[in-house]
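Q: I would like to learn how to read a structure like this one, feature by feature. Could you guide me through it, giving the general idea before each case?

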Amino acid sequence: MSADEAGVDLVRQDARAKATGKMRYSADLPLEGVLHAVVVRSPVPHAQIVSIESDAARARDGVVAVVTGAELGQVMAGRRVRDMPVLAREETRFTGEGIAVALGTSREVAESAARLVAIDYQELPAVTEPATALAPDSARVHAAASEYDGAVVSLSDPPNLQSELVDGSQEEVDVALASAAHVVTATYRTQAGHQGYLEPICWTAIPRQGGGILLQGTCKQPYQVRTQVAKALGVPTDLVEVGPMPLGGDFGGKGGMLDATLCAALARWAGQPVRLALRSDEDLMSTDARHGSTMDVRLGCDRDGRLVGLSLDALLDGGAYAASKPIPSVNLHGMAEAALGYRLSAFYVRSRIVYTHTVPKGHMRAPGAPQAVFAIESAMDELAQKVRIPAAELRRRNLLHSGERDAYGHQWPEARGAITLDAALDEPVRSKAPNKWRTGTGMALYARPTLPPGPTSLRLVGGGDGSFVVELPFPDTGTGSHSVVGEEMAHCLGVARDRVIVRQVPTNALPYDLGVGGSWVTAGVSAAIRRLADAWNASSKDRPVMVATEPEDGPAALAYCAQVAHVAVDPETGQVRVLELVTAVDVAQVLRPRSHRLQVDGGAVMGLGFALLEDLLEEGGQVWASNFAEFRLPTAEDVPLLRTVLVPGGTGVGPANVKSVGELSNVPTAAAVANAVADAVGARVRQLPITAESVYWCLEEKEVS
Amino acid sequence: MTVQLNVNGAQLDADVPPTASLLDALRGAGLVGTKEGCRIGVCGLCTVMVDGLPVSSCLLLAGCVDGREVVTVEGIGASRPEVVDAFVDCEGMQCGICTPGQVMAVAAMGPEIESEEEMRRYLSGNLCRCTGYATIVEAAKVSRGS
């Protein structure tokens, strides 16, 4: 079954508003009485702030104030670890950090005022290389990182450790690999990147009587942001309200609350509404970038190609603050889960994130997984070459069967890795390579758990004429989740799909919701939809009905994604062209085929960007590619023939029987491309992005050796 | 300074600083369908038509457009409904922030652009981070009945 045959879609409910420019986003809200905030950012990675001179800036017409950390007081922000001041005070720790804010009656006035703020910096040596940050004699990014609220490190840890995630047993892996027939030991590296959403971060904060504040902006987790902002400002949670707003892209980057906290603090200080709208270049240099990584992999198997042990030791550049990382480990769960799809008797993973004087890193689409899967799936091919069995066969021999246990001992009732891989491999190659270029094929796999439903809430309002409005607490980040909810609700109520309209409401209008993330929305909300339909049918049907669901335990499902890349490589220059990318996705029920397809397609293209193009070019504590001319996202012209094969018949989670899809197809792509390049010209690229230059030098090395 | 724009067939007198871009002038006048993206002419979010040609309105000073004919996404539905319909029917969007620019680019695409390859090259000035472009290219084809 191809993706296109899976079903017929209703027009998504926001399509016409979006195509006619009527959709209102955060930056489109009316501006009456709003002060514009423009941040003065540090031009250096590490310095003492000696003085801030703002007389000239304040003298400009239309400038209301220049605000520094001294005015706002000690406002510390963070999602788990509150280690980031909303404005740096004595010390600045990364290029792009906010030092002061010009408040003006227009953005242009505030921008010109910001340029007039004169800050005297005493530059200090910067820690910019993760590899040296942990050395006992390294300078410290934070004098006492263990003392921050929520810190997960202690005084006895090495300097600059931000968090450490360890699982499995190194000893067991050492023993297993000592007697393995074949072992690959290799180091893989990935670059810092950015979510690359095209709508820059934008917040509007409106102070209310009684100390409250209304926030509207680029936010995928309104309830979490409400709590975090309230905590940072030291006010009760119910004084902060986060309003509804569609997002112009997210990919993990719109869960942060740092700019929201700054905007709220400014509005409270000024006693007036404040808008903080980042320019695109500010966004690229200062927000939640993806962690660059260095990963040491050891992977071994016996004579028959059965894996006996895997060790993944990753060192990640966390940047100057841990504030953007949302999960309890303050690490990247994708690191730990990267080899979930394989049978491994000995397994060890260590993921260390370190502080450096660079932009604070956060979450991006399957955080940690694109990096770790690049390493492990590249190593898998390197191992196949040593054992001299085909790369696909090595994987088939080691992929979990249904009912088997993963490396953590968790038993999966269903594991469909092999049939998913074969579905991708069975697609015929249709493209032709340029003359004299060499072609190659590479594959990679990723297995991701679909989590059981988290807490959410919904309200159903009947129109009395057979029409309904579903009020829900989370935004549509672009995935089409609101249309999925509307169509599912209609299905459960037994009315036509276009009779249900979906509307996001502010945080005070519905109970707690987890927000968007972890690919859990569809699986999570579908349980609430059914309960809501039942509650409605049992009600008098003359007033709104609300349900709030608790997080559920229950078996998670494992979803596999396999990709096969067909590439052509110019052996003279090293230039790589991906001719085709086949993505096979292990699915259960597909609720809205078109949204599903767009998640797969968009993810695959993001995976290609990670593999081939996107690099923030962090060096010496500077982001050198802080604009979309240099931080290159794939264009329509860059995208090869994409084909998606759905592997139906899987068992998903929840009453809707679904497997998550949002963070699958962006993950294996880089390894698939690297493996294809190796197949084409024999050059093993262990560092992303794969550029003509990197392939050229790999080819040169091969000539020499 | 006051700039006399002709936007979507109506006269629009915009009082803007001499440094204001066409994008700033349009959004300042409440025509916020045109989105601000990179502001360096790379992403295509702010694409509008000036005298029938697609331009990045972030790169054009409002003063340079004095007296010229501007069409924005707010006006394209009336003159080129088939383009809007194609984006809706093909679901040539996800988050939608690039959609006004994509719609304008497709509306401005001349008949000399024929093959899918040519269309992809033509549309490469309009970034999309969500869709992977397939449904946008589909919308471009459908909009001209191909």
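A: In helix α4 of chain A, the residues A:Arg107, A:Val109, A:Ala110, A:Glu111, A:Ser112, A:Ala113 and A:Ala114 are buried, where buried means under 20% relative accessible area, exposed over 50%, and partly exposed in between, with a 1.4 Å probe and protein chains only. Helices (H or I, at least four residues) and strands (E, at least two) are DSSP runs numbered from the N terminus. This is a predicted model, in which local features need pLDDT of at least 70 and side-chain atom pairs count only at pLDDT 80 or more, while totals for chains, interfaces and linings use all residues. Residues are numbered from 1 along each chain as its sequence is written, chains are lettered from A and ligands numbered from 1 in the order in which they are written, and side-chain values use heavy atoms, with hydrogens and water left out.

Q: Why is α4(A) described as largely enclosed, and what covers its buried residues?

A: In general, an α-helix has 3.6 residues a turn, so residues three or four places apart point the same way. Here α4(A) is largely enclosed by the rest of the structure because seven of its 10 residues are buried. The cover over those buried residues includes β1 (35-41), α2 (55-58), β3 (63-68), β7 (98-104) and β14 (274-277) of chain A.

Q: What does A:Arg107 touch, leaving out residues up to four places away in sequence?

A: Contact means heavy atoms within 4.5 Å. By that rule A:Arg107, which is buried with a relative accessible area of 16%, touches A:His36, A:Val38, A:Ala277, A:Leu278, A:Arg279 and also B:Glu36. A polar atom of the A:Arg107 side chain lies 3.4 Å from the backbone oxygen of A:Ala277.

Q: How is the area buried between chain A and chain B read?

A: The size of an interface is often given as the accessible area lost when the parts come together. Buried area is the accessible area (1.4 Å probe) that two parts lose on being put together, summed over both. Between chain A and chain B it is about 3900 Å², of which carbon and sulfur atoms give 57%. In chain A, the residues that lose the most area to chain B are A:Leu198, A:Leu598 and A:Ala636, together 17% of what that side buries. The contact joins 54 residues of chain A to 44 residues of chain B.

Q: How many salt bridges are there between chain A and chain B?

A: A salt bridge is a side-chain nitrogen of Lys or Arg within 4 Å of a carboxyl oxygen of Asp or Glu. The count between chain A and chain B is 10, and one of the salt bridges joins the side chains of A:Arg597 and B:Glu138 (3.7 Å, N to O). On the side of chain A that touches chain B, α1 (15-19), α4 (107-116) and α16 (593-612) of chain A each supply at least two residues, and α16(A) gives the most, with nine residues.

Conventions:
A polar contact is a pair of N or O atoms within 3.5 Å; within protein, one must be able to donate a hydrogen and the other to accept it, and residues adjacent in sequence count only if both atoms are side-chain atoms.
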